[in-house]
Amino acid sequence: MKIAISGKGGSGKTTIAAGLIKILVEKNKSVIALDCDPDISLGLALDFPAYNEIKPISKMKDLIFERTGVDPANPQGFFQINPKVDDIPEKFCPQDKGIRLIVMGRVDKPQGGCLCPENTFVRSLVGHLVLRQDEVVILDMAAGSEHLGRATARGVDVFLISVEPSETSLQTARHIKELAEGLGLTKIFFIGNKIKNPSDFDFIQASLKDELIGSISFNRTLEGSRGRFVFDISSRKEFENIYDKLASRLNSAPEKARN
């Protein structure tokens, strides 16, 4: 199962990623958690040990130089566009309680989509993990579909978009869906987040209809947790409901059957 999660900044996509990861671990799944957001907050949400000491992949300059053949500080000339990345998770990314956390980090270039050694290396690693069989991978994306190329997108089982009960959030969510569709993704669903009352849910559902696969209630405990995910009884039920719906829809498509 490969799930990419995106959404407008502040819409709660990292919370959704953390919640689904917790559910998967409870179901005895080993999960690769990819923090692809430049804000680097998934480790905090998961309360991962020493999360703030994990070196992002994009900052491993010596490794990138070794694998691409070009110094990221002076990217002149040709470099390896298909660098070796299959050993990166086990060698450089920590694991705790069934979760292997991989922090991609920000590529410090004027254009985020540049063809530079760091970006090439990061995208190659994401592609390797998504296309590798028999892995459970959760990708906490930046807004949009950055890090997903067309080939990589074919390996993603489902693309989830977090949306808040506001017209601005809905507009952004629709735009993100268009970007994902442009990469060839077909299983795209929305999750309502920060739902305070039934009218919030009705507002989102009226616009998204069957594309809305679940919702997460506004959680004051979570709001006061300083970024750490709080997995209480009510949130567990909501995330289990989302997971069950995802599993049902994926299982109904034999060509995309996954672990």
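Buried residues (under 20% relative accessible area with a 1.4 Å probe, protein chains only) make up 53% of the 259 residues in the protein. This is a predicted model, with pLDDT of at least 70 needed for local features and 80 or more for side-chain atom pairs, while totals for chains, interfaces and linings use all residues. Numbering runs from 1 along each chain as its sequence is written, and side-chain values use heavy atoms, with hydrogens and water left out.

The secondary structure comes to 10 helices and eight strands, taken as DSSP runs (H or I, at least four residues, for helices; E, at least two, for strands) and numbered from the N terminus. Of the contacts (heavy atoms within 4.5 Å) with a separation of 6 or more, 73% link residues 24 or more positions apart.

Two helix pairings are worth a look. Helix α1 (residues 13–26) packs on helix α10 (residues 233–251) at about 80 degrees, the axes 9 Å apart; axes here are lines fitted to C-alpha atoms over the stretch in contact, with angles from 0 to 180 degrees between N-to-C directions. That makes α1 roughly perpendicular to α10, a label covering 65 to 115 degrees. On the α1 side the contact involves residues including I16, L20 and I23, and on the α10 side F239, I242 and Y243 are among them.

Helix α3 (residues 61–68) and helix α5 (residues 117–131) also pack at about 80 degrees, with axes 10 Å apart, so α3 is roughly perpendicular to α5. Here K61, L63, I64, R67 and T68 of α3 meet P117, E118 and F121 of α5.

Note on methods: Buried means under 20% relative accessible area, exposed over 50%, partly exposed in between (1.4 Å probe, protein chains only). Angles under 35 degrees count as roughly parallel, over 145 as roughly antiparallel, 65 to 115 as roughly perpendicular and the rest as oblique.
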